[in-house]
Amino acid sequence: MPVLEEPLKKVLGPATAKVMAEALDLHTVGDLLHHYPRRYAERGELTRLADLPLDEHVTVVAQVETARVLKFNGGSGQRLEVVITDGSGRLQLVFFGRGVHKPHKDLLPGTRAMFAGKVSLFNRKLQLAHPAYELLRRTPDPAPGSDGAAEGSAVDSWAGALIPIYPATAKMESWKIAKAVDAVLPSAPEAVDPLPPALREGRALVPLPEALLKVHRPHTKADIADARARLKWDEAFVLQVALARRRFSDAQLPATARRPGPDGILTAFDARLPFTLTDGQRKVTAEIFDDLATEHPMHRLLQGEVGSGKTLVALRAMLAVVDAGGQTAMLAPTEVLAQQHHRSITEMMGELAEGGMLGGADHGTKVVLLTGSMGVAARRQALLDLVSGDAGIVIGTHALIEDKVQFHDLGLVVVDEQHRFGVEQRDALRGKGPRGEGGERRTPHLLVMTATPIPRTVAMTVFGDLETSVLDQLPAGRSPIASHVVPAADKPHFLTRAWQRVREEVAKGHQAYVVCPRIGDDPEAAEPAADAKTGSGADAKAAAKARATAEAKAAAKEEEAAATADKRPPLAVLDVAAELARGPLQGLAVEVLHGRMAPEDKDAVMRRFAAGETDVLVATTVIEVGVNVPNATAMVIMDADRFGVSQLHQLRGRVGRGSAPGLCLLVTEMPEASTARARLEAVADTLDGFALSRIDLEQRREGDVLGQAQSGVRSSLRVLTVLGDEDVIAEAREEAAAVVAADPELRELPGLRVALDALVDAEREAYLEKG
């Protein structure tokens with residue numbers, strides 16, 4: 001067995017290996033060698049405490065400023081409070097109960113150490129509760145009477161060196177990882193170099209074994225720069241080879257060319273439009289139609305601002321395929337969105353959506369809806385329309401993927417909000433394409449749409465895996481949206497004013513949304529720390545009561561109390577709706593909408609809101625995409641800091657869809673200096689979804705570029721950043737394309753094949769093959 005494939009339990013022991021596997025997904029010597037430091041701390045350098053992210057596990061290097069023991073509960077309980085500083089700010093550490101004694105002895109003022117723990121919020125200040133720590137100090141003083149001549153210069157190995165800070169977890173701190181790396185580092189020379197020699201030498205990149213030694217145990221900053229430059233190229237090139245092989249494979253798949261004939265349903269539809277297409281819509285349509293006319297499957301991403309007309313572009317592509325004799329399917333992530341698409345598309349098409357029905361157009365087609373909650377009779381008729389070919393367009397949810405759903409001649413799949421679907425789900429629908437004359441399955445064309453690219457989508461786009469079309473031009477008549485942060489804790493009168501603004505919009509004949517992160521009818525839906533439902537008005541009292549309760553607990557429960565004392569449950573739709581109806585919005589027609597309502601109830605609520613019968617709709621993110629009510633002009637997002645940047649932009653896009661200007665108010669309890677507050681200010685400052693997607697990506701990283709993860713927790717990328725290394729990625733793409741064109745199976749590059757196998761495991765290989 002190659003040294004780098006050696007299981008870690010043989011090198012580190014079963015206990016450490018088990019934690020490595022469970023906490024960090026590291027299983028072999030090679031895995032650990034490729035677990036690179038996140039950053040490096042220098043002797044005398046203080047890392048920035050001011051930038052700590054809430055609710056994330058961090059490692060910091062800092063100096064103890066003060067330490068004091070406080071007694072409570074009649075003297076039976078004690079708490080150690082330590083304040084550490086790094087020059088940019090201060091952070092409080094807290095230790096409870098029996099855990100006080102050792103840190104009280106170790107953490108004296110002036111002591112420097114590495115601290116690791118999860119950042120929490122207590123009394124509106126960031127803190128680490130019971131952090132692990134490793135002292136950074138000189139060697140012990142000489143024993144009395146010994147030769148102390150070398151005392152001033154004798155220091156531990158950390159002194160004067162660059163201290164690697166590794167991506168860590170609560171169960172495996174950075175310094176423990178560093179010790180484990182020491183055990184496997186002698187195996188680094190066995191690493192197989194994936195880069196073709198000509199590429200490495202032409203770009204003056206250091207060999208891989210040298211890069212691994214330098215990245216883990218650098219002597220100088222130049223060592224780090226050499227190592228990272230080399231390892232970035234490894235990641236970019238191996239990823240690009242994987243994607244180039246997929247593009248090569250896709251090009252070999254058979255598909256039916258779909259060229260619309262003249263004077264068909266598309267021509268009739270265009271004649272019905274009460275407006276002209278924007279230049280952007282015409283350009284993107286031409287790109288899509290060119291792809292549809294080829295005999296290998298289109299694989300295109302349609303990105304566009306909220307309200308830029310993506311659905312119209314997709315519908316025209318669907319009609320073109322119907323004109324060419326094929327069927328089309330639109331896959332939506334929720335029943336609310338599927339119903340909304342069905343309603344809007346049938347309204348836009350008019351009699352063209354009533355093919356074969358009394359009063360329908362001669363060259364029309366059927367547009368059917370298929371969702372999991374449909375009645376038996378309606379479902380049976382929809383399935384019959386699909387298999388017979390009577391329905392040229394079907395709009396549905398995951399129900400479209402079921403085995404029993406069969407098409408007569410599926411030519412195009414449109415996936416709306418593609419990040420909501422796993423690869424297997426998209427692939428299952430694409431696998432329903434027709435069989436050719438030789439019996440081979442002909443792959444339908446694929447168009448995926450997203451309003452604001454989420455990090456993984458941006459990453460895939462930059463890597464060039466998808467052909468990309470961009471709609472960055474809003475149709476005429478769309479109104480601007482004003483966005484403001486409402487700091488409910490700092491300035492409660494701002495929240496009062498927010499509800500006044502909602503009443504003012506309703507008085508003008510308009511409507512409003514209020515969005516909450518939780519439904520509220522299920523205690524388990526709250527965060528684990530939640531033990532009561534609190535509206536925004538009771539937050540301060542609830543937090544104070546929770547802290548008082550924590551102080552009163554016995555010493556054995558103090559640590560648990562510290563972890564939960566200041567965590568407030570997310571605001572809930574049902575609670576907020578009731579509070580608004582009897583409080584600031586009393587007298588207005590307030591309704592609720594959330595994902596656990598029966599489908600017919602959800603549809604009825606949306607119909608009443610669309611008809612103007614409801615003044616204020618209090619909802620979860622079920623309204624995030626696709627919902628189109630032009631008369632809705634105001635949106636209040638409660639606990640806005642609990643949503644991602646892209647999600648906030650999507651939600652905001654539900655207002656300002658008519659002629660009246662839109663208003664979006666982002667309500668938060670987070671303090672002004674927090675990163676969450678800065679994120680909200682960024683959303684309020686721009687309506688540019690593409691700029692916001694970059695902010696989102698910078699904060700969350702890419703997610704797993706080759707897999708299905710959407711966050712940065714499990715990323716294929718360790719040193720490469722999608723935004724910072726676009727030049728490296730572009731160059732690597734060219735090199736990879738040339739390599740794959742010359743040797744698709746990589747027979748002449750065994751080292752590259754090994755690296756590809758290590759990166760692209762069975763799960764990711766399936767992802768690449770499926771598309």
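In what order do the 6 strands of the open sheet stand, and is their pairing parallel or antiparallel? The legends below take up that sheet first and then move on to other close-ups of this predicted model.

**View A. An open sheet of 6 strands.** The order is β16-β21-β20-β17-β19-β18, and the pairing is parallel. At the edges stand β16 (481-487) and β18 (590-593); each has a single partner strand, so one side of each is left without a neighbour in the sheet. From one strand to the next, the twist averages 20°.

**View D. Helix α12 from end to end.** Helix α12 covers residues 335-349, and at 1.5 Å a residue its 15 residues should span 21 Å. The end C-alpha atoms are 21 Å apart, which agrees with that expectation. Among the buried residues of α12 are E335, Q339, Q340, H341 and R343, along with V336, L337 and M349. Just after the helix, G350 takes a positive phi of about 60°.

**View E. The largest nonpolar core.** This core has 37 residues, and M349, I393 and L412 are those with the most contacts inside it. Elements that each supply at least two residues include α9 (265-272), α10 (279-292), α12, β12 (391-396) and β13 (410-416). The largest share, 10 residues, comes from α11. Zooming in on I393, and leaving aside neighbours within four places in sequence, you will find contacts with L315, M318, L319, V322, T328, M349, T365, K366, V367 and V368. A second, separate core of 33 residues includes L12, Y40, L185 and A211.

View F. H216 lies in helix α7 (residues 208-216). Is H216 buried or exposed? Its relative accessibility is 0%, so H216 counts as buried. A polar atom of the H216 side chain lies 2.7 Å from the backbone oxygen of L33. Not counting residues up to four places away in sequence, H216 touches L32, L33, H35, Y36, P37, P164, Y166, V181 and L185. One of these, L185, also belongs to the second core of 33 residues.

Note on methods. Residues numbered from 1 in each chain as written. Predicted model: local features only at pLDDT ≥ 70, side-chain atom pairs only at ≥ 80, totals over all residues. Heavy atoms only, no water. Helix = DSSP H or I, 4+ residues; strand = E, 2+ residues; numbered from the N terminus. Expected span 1.5 Å × (residues − 1). Buried < 20%, exposed > 50% of the residue type's maximum accessible area, 1.4 Å probe, protein only. Polar contact = N/O pair within 3.5 Å; in protein donor to acceptor, adjacent residues only side chain to side chain. Contact = heavy atoms within 4.5 Å. Pairing = 2+ DSSP bridges. Axes fitted to C-alpha atoms, helices over the stretch in contact; angles between N-to-C directions. Core = buried A, V, L, I, M, F, W, Y, C linked by side-chain atoms within 4.5 Å.
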